[in-house]
Amino acid sequence: MASSTPASTKRKAGDTIEASPAAKKISTDIRAVEADGFLFDGEVVSILVGPHGKKFTLHVDPLCSSSDYFKHMLRSSATFLESAKHEVKLLEQSPRVFQLYAQYLYQGKIFSKPGPTVPSSNGEVPLMTETTLLLTAISLADYLQDDDFHNSVIDCLIARSLQTNAWPTTDDSITLSLSSGSSFLVDLIRDFCIYGAHEGWWTNGNVTGETHGEFWASVARGMAKLLKGGGRPSKWVPKNCDYHRHKDGKRCD
Ligand SMILES: [Zn+2]
């Protein structure tokens, strides 16, 4: 009989921070500090997400201070302000990914652990893998023009890749990054390929150039540059800020 997997006790990036007594203490302190900064009052707006219009009811203030898209729509759009029905439709976006965004707005963290699960021939599998969730979240961040969210998701994607030593370089990941509209994400995936590639990709026919030919050409150019400069470092640690969006042009590292 299929049963849902009990929550793992092993800590992972993206887990909530209540996992240990020490973390609980920190968590309580952080919340005590943040409690002064955000009051759960003020105007709210309904946001309908996904093809079935899953409804999220969120506060206007944090939405407008984090996202230029919402700022423009909720603060500047006369049509919207005059409308009695305060409702925004994001029917092309994923409710699962938007939930990650809503959690980030209120809690300032990326909860990247995959879930919920669906039954499959391999047992219960996540509806969306962690990598897909994060790659799609960057696409949402760029759509909503939310630089802080974009940068936090980039940081999370890099941290998870370093922890698991699994770079998001599958054909699906490349497709998602190319369709995200984010040149920073494409640069990151390209650099993952340049620094994390192994010869088997080329000799076993994984890379044929039939898909994403232009992308693989950019990987080859990057590798050629490395060869000129003394080869690939034994351990590559990406500079997160190279893949951030900064409205004022100032790096945060
Ligand atoms: Zn930065």
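Here is a short tour of the predicted model shown above.

Before starting, note that residues are numbered from 1 along each chain as its sequence is written. Since the model is a prediction, local features need pLDDT of at least 70 and side-chain atom pairs count only at pLDDT 80 or more, while totals for chains, interfaces and linings use all residues.

The chain has 11 helices and 5 strands. Helices here are DSSP runs of H or I with at least four residues, strands are DSSP runs of E with at least two, and both are numbered from the N terminus. Of the 253 residues in the chain, 23% are buried. A residue is called buried if 20 or more other C-beta atoms lie within 10 Å of its own, exposed if 12 or fewer, and partly exposed in between, with C-beta atoms placed from the backbone.

Three strands form an open sheet in the order 2-1-3, with mixed pairing. Two strands pair if DSSP finds at least two bridges between them. Strand 2 (54-59) and strand 3 (87-90) are the edge strands, each pairing on one side only. Ignoring direction, neighbouring strands of this sheet are turned by 25° against each other on average. Axes are lines fitted to C-alpha atoms, for helices over the stretch in contact, and angles run from 0 to 180 degrees between N-to-C directions. Strand 1 (residues 44-49) runs parallel to strand 3, and the two pair over 4 bridges. In that pair, serine 46 stands opposite glutamate 87. Helix 5 (residues 95-107) packs on the sheet and touches strand 1, strand 2 and strand 3, with its direction at about 15° to that of strand 2. Touching, or being in contact, takes C-beta atoms, placed from the backbone, within 7 Å of each other.

**The core**

A nonpolar core is a set of buried Ala, Val, Leu, Ile, Met, Phe, Trp, Tyr and Cys residues joined through C-beta atoms within 7 Å. The largest one has 36 residues, and Tyr101, Leu134, Ala137, Ile138 and Val153 have the most contacts inside it. Helix 6 gives the largest share of this core, 7 residues. Domain 1 (41-92) and domain 2 (99-247) both contribute residues, so the core lies between them; these bounds come from an automatic or database domain assignment. Leaving aside residues up to four places away in sequence, leucine 134 touches Ser112, Val153, Cys156 and Leu157.

**Around helix 8**

Which residues of helix 8 are buried? They are Ser173, Ile174, Leu176 and Ser177. These cover an arc of only 160° around the axis, so they sit on the same side of helix 8; the arc is that of the directions from the helix axis to the C-beta atoms. Asp171 and Ser179, on the other side of helix 8, are exposed. The buried residues of helix 8 pack against helix 6, helix 9 and helix 11 (213-228). Valine 186 lies in helix 9, and its contacts, not counting residues up to four places away in sequence, are Ser177 and Leu178.

Most residues other than glycine have a negative phi.

Technical notes:
Contact = placed C-beta atoms within 7 Å.
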